[in-house]
Amino acid sequence: PKDKKRKFQKDNFWSKNKKFDRKNESKSKDEDHEVLHLPNPMVGFGVPREPFHVVRRTLPEAAIGPPFFYYENVALTPKGAWNRIKSFLYEIDPEFVDSKFFCAAARKRGYIHNLPLENRFPIQPLPPLTIFEALPGTKKWWPSWDKREQLNCILTCIGSAQLTDRIRLALENSNTEPSLHVKNYIIGQCRKWNMVWTGKTRVAPLEPDEIELIMGYPIYHTRGASRVERYKGLGNAFQVDTVAYHLSVLKNLYPNGMNILSLFSGIGGAEIALHKLGIPLNNVVSVEKSMVCRNILQGWWEQTNQKGNLVHLSDVQDVTLNKLNQWIDSFGGFDLVIGGSPCNNLAGGNRRTRDGLEGGHSSLFFDYFRILDGVKNLMKNRS
């Protein structure tokens with residue numbers, strides 16, 4: 001990275017992996033910028049309600065768990081980003097999944113993990129897959145010319161009141177059925193901002209409670225935070241049902257519970273997914289910068305009467321080798337390292353600072369790898 005960008009931390013995490021680092025550095029520039037083609041349909045290694053297909057993969061010895069690890073980020077990244085992420089995470093191919101197969105909204109994400117692939121199962125009951133199933137009150141007002149059945153990816157912000165007023169006026173000024181131009185304008189804005197019909201000439205953005213339902217969170221999970229913070233937290237969160245489907249293979253492996261290192265925890269999607277699967281949370285170290293998100297997770301922990309220990313830390317860069325050593329001494333090791341580093345500089349919606357993994361936010365991926373590598377080395381030395 002350039003001098004003004006945050007540099008990698010050159011500590012013991014890296015010195016133990018000089019051979020691995022040299023392998024990454026020796027990759028040619030052409031290889032680094034290869035396009036990693038996304039599957040269509042984006043079903044990864046299989047999703048519920050779709051024909052099952054057998055997938056076999058061989059993990060490199062360095063990647064085999066425990067500890068298991070699970071990393072998530074947006075699927076549509078700048079050219080070469082996923083190949084670079086993959087090169088750090090033991091050359092494991094990403095599992096690209098669109099959450100439209102798990103809920104009523106699209107959410108195209110890539111997941112790199114060393115979890116088993118056999119015997120996955122979804123959370124029951126299966127969540128609604130269409131807008132009308134998730135939000136039945138909208139069907140009464142839905143015009144026949146709006147053919148949407150599912151929502152687009154949940155964003156961190158919503159359409160403005162001025163926009164909904166413009167749409168209302170455009171409909172009211174149409175004496176009969178709107179013109180094709182007006183229809184295309186309205187549908188385009190509704191798709192972009194995930195707006196739904198709440199009246200004959202009215203559209204409105206989703207309410208936070210409705211997004212919680214679609215994203216698989218308990219109702220009122222984010223209640224108490226400001227609307228802006230609720231939308232931000234939900235827009236950056238895991239889609240719980242998607243993640244739970246992948247993590248379900250751990251239930252039989254850990255009947256007595258797990259120790260989790262949750263990086264970039266957000267509003268607690270990983271913790272909620274494991275809880276919904278019936279996996280006890282013995283010890284959770286949650287690393288999350290936002291105090292609002294930390295309070296939301298803490299509130300959920302207390303409301304669900306968790307019996308384990310929840311430890312908060314605000315910054316991944318404060319997760320040192322010494323701290324990891326202390327936690328491993330205390331808990332006996334971590335069973336799962338999970339998290340999705342910020343996508344700010346990777347997401348297509350960012351037109352100003354889409355700098356890939358060199359961006360000030362998305363470069364935190366390297367802290368995910370640094371910490372994972374530290375956990376693996378510390379636990380390996382104790383075995």
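A salt bridge here is a side-chain nitrogen of Lys or Arg within 4 Å of a carboxyl oxygen of Asp or Glu. Arginine 370 and aspartate 367 meet this rule through their side chains, at 2.9 Å from N to O.

This is a predicted model, in which local features need pLDDT of at least 70, side-chain atom pairs count only at pLDDT 80 or more, and totals for chains, interfaces and linings use all residues. Residues are numbered from 1 along each chain as its sequence is written, and side-chain values use heavy atoms, with hydrogens and water left out.

**Salt bridges**

The structure holds 12 salt bridges. Side chains of opposite charge can pair when their charged atoms come close.

| Arginine 370 | Aspartate 367 | 2.9 Å |

Helices (H or I, at least four residues) and strands (E, at least two) are DSSP runs, numbered from the N terminus. Arginine 370 and aspartate 367 are three residues apart in helix H14, so about one helical turn separates them. Buried means under 20% relative accessible area, exposed means over 50%, and partly exposed lies in between (1.4 Å probe, protein chains only). Arginine 370 is buried, at 2% relative accessibility. Aspartate 367 is buried too, with a relative accessible area of 2%.

Arginine 168 and glutamate 172 also sit about one helical turn apart, being four residues apart in helix H6. Arginine 168 is partly exposed, with a relative accessible area of 26%. Glutamate 172 is partly exposed at 42%.

Arginine 230 lies in helix H9 (residues 227-235) and aspartate 209 in helix H8 (residues 208-215), so the pair ties together parts that are 21 residues apart in sequence. Arginine 230 counts as buried, at 7% relative accessibility. Aspartate 209 counts as partly exposed, at 23%. Salt bridges that share partners join Asp209, Glu212, Arg223 and Arg230 into one network.

**Aromatic pairs**

Rings of Phe, Tyr and Trp (its six-membered ring) pair if their centres lie within 6.5 Å; planes under 30 degrees apart count as stacked, over 60 as edge-to-face and the rest as tilted. The structure holds 18 such aromatic pairs. One is tyrosine 71 with phenylalanine 365, edge-to-face at 5.2 Å centre to centre and 65 degrees between the planes. This pair links distant parts of the chain: tyrosine 71 is in strand E1 (residues 68-74) and phenylalanine 365 in helix H14 (residues 365-382), 294 residues apart. Both tyrosine 71 and phenylalanine 365 are buried.

Tryptophan 145 and tryptophan 197 form another edge-to-face pair, with 5.7 Å between centres and 90 degrees between planes. Tryptophan 145 lies in the loop between helix H5 (131-134) and helix H6 (161-172), and tryptophan 197 in strand E4 (residues 195-199), so the pair ties together parts 52 residues apart in sequence. Tryptophan 145 is buried, with a relative accessible area of 16%. Tryptophan 197 is buried at 2%.

One aromatic cluster includes Tyr71, Tyr90, Phe96 and Phe365. Lysine 376 lies over the face of tyrosine 90, at 5.7 Å from the ring centre. A charge sits over a ring if NZ of Lys or CZ of Arg is within 6 Å of the ring centre and within 35 degrees of the ring normal.

**Nonpolar cores**

A nonpolar core is a set of buried Ala, Val, Leu, Ile, Met, Phe, Trp, Tyr and Cys residues joined through side-chain atoms within 4.5 Å. In soluble globular proteins, nonpolar side chains tend to be buried together. The largest core has 67 residues, and those with the most contacts inside it are Tyr217, Leu247, Leu250, Leu336 and Ile338. Apart from it lies another core, of 37 residues, among them Val337, Phe365, Val375 and Leu378.

**Arginine 109**

Arginine 109 lies in strand E3 (residues 108-113). Arginine 109 counts as buried, at 8% relative accessibility. A polar contact of 3.4 Å joins its side chain to that of glutamate 72. Such a contact is a pair of N or O atoms within 3.5 Å; within protein, one must be able to donate a hydrogen and the other to accept it, and residues adjacent in sequence count only if both atoms are side-chain atoms.
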